[in-house]
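The structure is shown first, and the findings follow.

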Amino acid sequence: MGLVSTTVLRDVAVVTIDNPPVNALGAAVRQGLAAAVAQANADAGVTALVIAAEGKAFIAGADISEFGKPPVAPSLPDLLDAIAGSSKPVVAAIQGVALGGGLEVALACRARVALTAAKLGLPEIKLGLIPGAGGTQRLPRLIGAAKAFPMMLSGEPVSAGQALEYGLLDEVVSENVVAVASQLAETLAATGAGRTAADRLTEADREAFEALAAEALKKAEGAPNVPALVEAVRSVFSLPFAEGLAVERRLFLELVADERSKALRHVFFAEREVAKLPGIGPEVKPREILSAAVIGAGTMGGGIAMCFANAGIPVTLIETAQAPLDNGMNRIAAIYDISVQRGSLTPDAKARRMALIKPAVGLTAAAKADIVIEAAFEEMGVKQSIFTGLDKVAKPGAILASNTSYLDIPTIAAATGRPQDVLGMHFFSPANVMKLLEVVRTKEVADDVVVTAVALGRRLGKVPVVVGNGFGFVGNRMLEQRTRATERLLVAGALPHEIDAALTGFGFKMGPCAMADLAGNDIGWRSRKARGLKASVADAICEAGWFGQKTGRGYYLYPQGARAGQRDPEVEALIARISAEKGVTRRSFTSEEILARLLDPMVNEGARILEAGIAARPGDIDIVWINGYNWPAWRGGPMFWADSVGLDVIAKRLSALAAETGDKALEPAPLLQFLAAERKGFGSLTSKS
Ligand code: T1G
């Protein structure tokens with residue numbers, strides 16, 4: 001059976017797509033569909049057509065992996081012209097998700113029938129695109145621009161019930177969608193009924209659309225596809241259908257070539273690749289997790305316990321004494337209260353979640369848990385004594401995880417007699433909000449333990465990325481390079497607001513100095529002191545007691561607890577003094593120079609992480625930074641960004657920086673040098689995007 005097959009039931013040609021896993025409209029599927037529609041139209045015994053599909057999805061859209069490659073005929077618009085122009089009525093039988101080009105296929109049909117569980121949407125905006133095969137023209141004409149535009153702007157699918165209400169679907173059934181669609185097709189053929197011409201494009205609809213468009217343009221933040229979407233949808237009120245299609249197509253092709261869309265398409269595939277665990281096959285099944293325990297009711301422990309409660313998993317929150325336990329529980333309740341006040345959580349839901357968090361004093365309370373996550377003070381001795389204790393009380397087969405953000409997991413595991421059940425599960429602060437979860441895989445840990453942690457991470461609504469054991473794992477190890485670069489820039493002549501502006505101009509919500517002030521400069525200070533490291537500016541600021549927002553002063557001033565920092569002449573004078581003491585003649589830097597000096601060393605560390613196998617793919621590093629460190633998704637992540645700049649350019653800049661600073665560690669890593677010499681990018685190390 002080919003990707004597209006036709007079965008004639010009575011006088012209806014049922015054209016079925018079967019292109020697992022999601023029936024993407026790749027070239028072969030388009031060719032198969034075009035041939036089937038032509039054949040059915042030529043077949044005298046056929047009076048109508050149904051387009052159906054096998055599997056969980058109706059059609060998940062155009063084949064994203066084909067974008068940017070030489071086009072293969074028929075194009076999707078040409079195929080849809082053939083379907084829309086069919087002399088015999090065509091009805092779509094939608095049994096699962098109909099997304100992007102998949103919904104556009106359905107929109108080109110004369111009518112649409114769906115199963116109750118189906119979902120329909122145009123998610124192109126999430127790929128930095130707009131619908132490119134008639135969606136911006138056919139959907140507004142069918143349901144009105146004021147309903148169609150928000151669907152395309154959010155990219156979120158609607159349910160079959162909602163779609164029926166909108167008039168997007170003609171019928172919703174609980175079963176036999178193909179049979180029902182065939183009946184409708186026969187009826188349309190018999191009655192010769194044309195396309196429902198309910199003219200939804202009224203003046204009121206145009207005004208409502210324009211109001212929504214104005215709002216969307218205000219929030220576009222430079223994303224080129226939002227004004228493009230407005231222009232395409234607006235054309236339905238002023239241009240004939242064919243001219244509107246041409247406007248849509250021109251805008252769509254411009255966006256396909258845009259760096260933002262290339263980056264977002266890379267992220268689409270990287271998010272899926274990150275789920276594939278090298279060396280672990282689908283036969284390895286996760287262990288059952290029905291209950292959990294969290295050791296430590298501090299900020300991280302409390303946030304992790306909330307993740308379990310939010311996912312409906314009972315969790316015991318354990319402390320060494322009642323007072324810190326009460327503090328922890330009160331902090332959790334207060335965070336839920338804020339959500340209730342904001343209306344994003346009902347009081348009942350809060351009560352249900354609080355009921356799932358059982359406070360307890362003493363490790364024995366973890367005895368029945370299927371998984372125990374330790375989130376105690378970041379000190380090896382503390383961790384080892386907790387794991388030794390857990391080894392005695394935890395049940396056989398329980399998973400023991402540490403939330404450490406940089407300590408050595410094998411050393412922690414060695415405190416137990418079951419290193420095969422021990423791994424790192426590194427959450428990011430605030431743990432109940434941040435998406436990223438670094439799952440730290442050691443040489444000793446069992447494969448099913450890794451698989452369990454990844455599956456659990458998804459249940460907790462996280463993006464789990466499996467990383468190897470090493471100082472700072474992936475994210476913090478690269479962040480350390482950016483922190484050192486910030487220090488170098490401050491001594492060389494840049495000021496905190498200039499450094500932060502370069503990064504926020506790039507798309508980060510916050511720059512390194514403001515972020516340090518938010519997290520507390522004393523955290524980095526303590527970690528540097530523990531490792532015997534120095535950072536002249538950062539240390540001096542801490543020696544002055546300026547720990548950031550919590551002390552009203554750090555790299556910036558925060559009068560009366562303000563959240564946005566103000567330039568602080570005293571800090572700037574302190575920085576200038578340190579430069580002078582080091583005999584450095586301060587100079588100014590452009591934003592581009594600052595950006596290169598902040599990001600190049602990070603990319604270089606990313607290359608070392610790949611060399612060491614701490615990350616399996618460059619895309620994994622990108623997913624870590626997008627979900628854990630606010631790297632803008634439309635920039636694709638540090639490794640994708642490096643490829644867009646050119647590894648030869650970055651290697652040259654790093655060599656110059658190493659020469660200027662005398663810091664050999666800034667020399668380009670062997671992998672980066674090799675790829676630069678080969679004129680290749682990190683992307684060449686993986687296949688998909
Ligand atoms: N093209 C190519 N591959 C796709 C794909 C697509 N559209 N959708 C999914 N895949 C692959 C994916 O990479 C993975 O591969 C496998 O299918 C399973 O996906 C002209 C411009 C449908 C809700 O944006 O949202 O149409 O890793 O792991 O969790 O206007 O996939 O196994 O090798 O995500 O069950 C618009 C994208 C395209 C929808 C299923 N469509 N897909 O989720 O499985 S642009 C989209 C999804 C377009 C037209 C325009 C989800 C899903 P592998 P999965 P899932």
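## Ligand shell

By class, the shell around the ligand holds 15 nonpolar, four polar and seven charged residues. The model is predicted, and every value reported for this shell is computed from it. Of the 26 residues around the ligand, those that come nearest are Lys-56, Glu-104, Glu-124, Arg-272 and Lys-276.

Helix H3 (101-108) and helix H11 (259-273) are the elements that give two or more residues to the shell. The largest share, three residues, comes from H11.

## Polar contacts and burial of the ligand

Taken alone, the ligand exposes 1000 Å², of which the protein buries 76%.

## Nonpolar cores

In soluble globular proteins, nonpolar side chains tend to be buried together. The largest nonpolar core here has 91 residues. Those with the most contacts inside this core are Val-474, Leu-599, Ile-621, Trp-625, Trp-631, Leu-672 and Phe-682. Helix H24 (residues 591-611) gives the most to this core, with nine residues.

Leaving aside residues up to four places away in sequence, Val-474 touches Glu-438, Val-467, Ile-609, Ile-614, Ala-615, Ile-621 and Val-624. A second, separate core comprises 71 residues, including Val-90, Leu-120, Met-151 and Ala-213.

Conventions
Residues are numbered from 1 along each chain as its sequence is written. This is a predicted model: local features need pLDDT of at least 70, side-chain atom pairs count only at pLDDT 80 or more; totals for chains, interfaces and linings use all residues. Side-chain values use heavy atoms; hydrogens and water are left out. A nonpolar core is a set of buried Ala, Val, Leu, Ile, Met, Phe, Trp, Tyr and Cys residues joined through side-chain atoms within 4.5 Å. Buried means under 20% relative accessible area, exposed over 50%, partly exposed in between (1.4 Å probe, protein chains only). Helices (H or I, at least four residues) and strands (E, at least two) are DSSP runs, numbered from the N terminus. Contact means heavy atoms within 4.5 Å. A residue is near a molecule or strand if one of its heavy atoms lies within 4 Å of it. Accessible areas come from the Shrake-Rupley method with a 1.4 Å probe; for residues, only the protein chains shown count as cover. Ala, Val, Leu, Ile, Met, Phe, Trp, Tyr, Cys and Pro count as nonpolar, Asp, Glu, Lys and Arg as charged, and the others, Gly among them, as polar.
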